[in-house]
Structure formats: structure tokens, C-alpha cells
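Reader: I would like to learn how to read a protein model. Please take me through it feature by feature.

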Amino acid sequence: MQEARHLVDSRLHDGEELLWVGRSDPGRMFVHADRYLIPFGALWTGFVTTGLIGAAAGSAHPAVLVVLSALLLFGLHILGGRFLVKRHRKRTDVYAVTDRRVLVTNGRTTRETDARRTDWYVDRSGGHVTVEWDDIGHLDTLFLGGIESVRQYANTGLDLTPGRGNFALYDVADADALLAALRTTSGR
């Protein structure tokens, strides 16, 4: 945890006080969405593999083989690759709460939100806590499903740009200390 604290210390502003630092639990890989993503990925990969084998055996045009190969890679990413992405994030992202900001940093990029915000909500499950701030409420008017359409891929490894959805701290085992720090700063 010293490495995580050092990473956050280098991003603090003058006079800013660090209240909590932690990480997402790397042992917690599955989320609610996996109940449909894993079967979908298996079916997708099976159908595309069958099509690719048939196309290759039938001497299909090379463009067809390229498209089917790309679709196969997509299926393999849904089945396993996204877990590699998620594992990497859980090992490199550090979460922090200061008296002014809530941060997610990996050393190269830092995302932050104002720690005084009160529009955060908590999801407790299995001894872990996920805290999300509502940053995408305006998306309700853009397309059917709005917030839920974006949120359903959060923390799955399919959210290729994690900064585009809600600001969140996922799967934190040190729940009580995190929530105490957030309550201190937001006054909630």
C-alpha cells in the first residue's frame, strides 16, 4: 500500500490532506453483467468459429475471412480478454479521497471529481463496496436507456474508455474507511 500512497502523494495539491487511499480488490472479477456476457460470448464465438471454418473450407473471399476473424477476436475478448483488461486496471489503478477531491490514478492518467459532491451512491455486495457518482444523467435524452445503457458495461472490461461513464470506485474491500472519508468530505 506504500506504493499506492506514494503514487497519490505525487498528485496532491499544496495543502491538500489525504484521508483515504486504496485499490479495487483484484480477486473480485465477476459482476452482475457477467450472467449474460459470458453465455453471449460463448454463443457468439461458437457461431463465428463455425462460420470461419466453413468459409475457409469453402475458399471464401479473403475479405470475408478477415471480417470473420475480427468478429472471432471480439468474441474472444468478451470471453476472456476483458478479464485481462479488468485485472490490469485493478492492479494499476489507485483510489484516493482527499479533503478536496476523489481521485483514480494509475501514474499516467488521473481522473477526479469534487469530494464535496453529494450525488454518490453505494452498492454493497459480498463484503465489498462500489461507490458511483452520477456523471451521465444527461445521457437519458441521447438514446433509449440512457444511464443504464452506459452503466451496464462499467467494471466489465468492455468499458474501453472508463472516463466516459460515471466516476466510480469499484470493488473496494476497505468499505468502512472509504465511506467514512467520503462522508467527512461531502457532509452526507
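Reader: What share of the contacts with a separation of 6 or more comes from residues 24 or more positions apart?

Author: A contact means heavy atoms within 4.5 Å. In this chain, residues 24 or more positions apart account for 69% of the contacts with a separation of 6 or more. This is a predicted model, where local features need pLDDT of at least 70 and side-chain atom pairs count only at pLDDT 80 or more, while totals for chains, interfaces and linings use all residues. Residues are numbered from 1 along each chain as its sequence is written, and side-chain values use heavy atoms, with hydrogens and water left out.

Reader: How many helices and strands does the chain have?

Author: Helices (H or I, at least four residues) and strands (E, at least two) are DSSP runs, numbered from the N terminus. The chain has five helices and seven strands. From the N terminus on, their order is α-β-α-α-β-β-β-β-β-α-β-α.

Reader: Which strands pair with β2?

Author: Two strands pair if DSSP finds at least two bridges between them. Strand β1 (residues 18-22) runs antiparallel to β2 and is joined to it by four bridges, with Trp-20 opposite Val-97 in β2. Strand β3 (residues 101-105) also pairs with β2 in the antiparallel sense, over four bridges. Here Tyr-95 stands opposite Val-104 in β3, and a hairpin of two residues joins β2 to β3.

Reader: Are the faces of β2 covered or uncovered?

Author: In a regular strand the side chains alternate between the two faces of the sheet. Buried means under 20% relative accessible area, exposed over 50%, and partly exposed in between (1.4 Å probe, protein chains only). In β2 (residues 94-98), five of five residues are buried. Val-94, Ala-96 and Thr-98 cover one side, and Tyr-95 and Val-97 the other. Over the chain of 188 residues, 39% count as buried.

Reader: Which residues form the nonpolar patch on the surface?

Author: Like charges are joined within 9 Å, and nonpolar side chains (Val, Leu, Ile, Met, Phe, Trp, Tyr) within 5 Å. Accessible areas come from the Shrake-Rupley method with a 1.4 Å probe; for residues, only the protein chains shown count as cover. Phe-30, Ile-38, Leu-73, Leu-76 and Leu-79 form the patch, with about 460 Å² of accessible area together. Helix α3 (residues 62-92) gives the most, three residues.

Reader: Why does Ile-38 count as partly exposed?

Author: Ile-38, in helix α2 (residues 34-57), counts as partly exposed because its relative accessibility is 31%.

Terms used
Patch = residues over 30% accessible without salt bridge, like charges linked within 9 Å, V, L, I, M, F, W, Y side chains within 5 Å. Salt bridge = Lys/Arg side-chain N within 4 Å of Asp/Glu carboxyl O.
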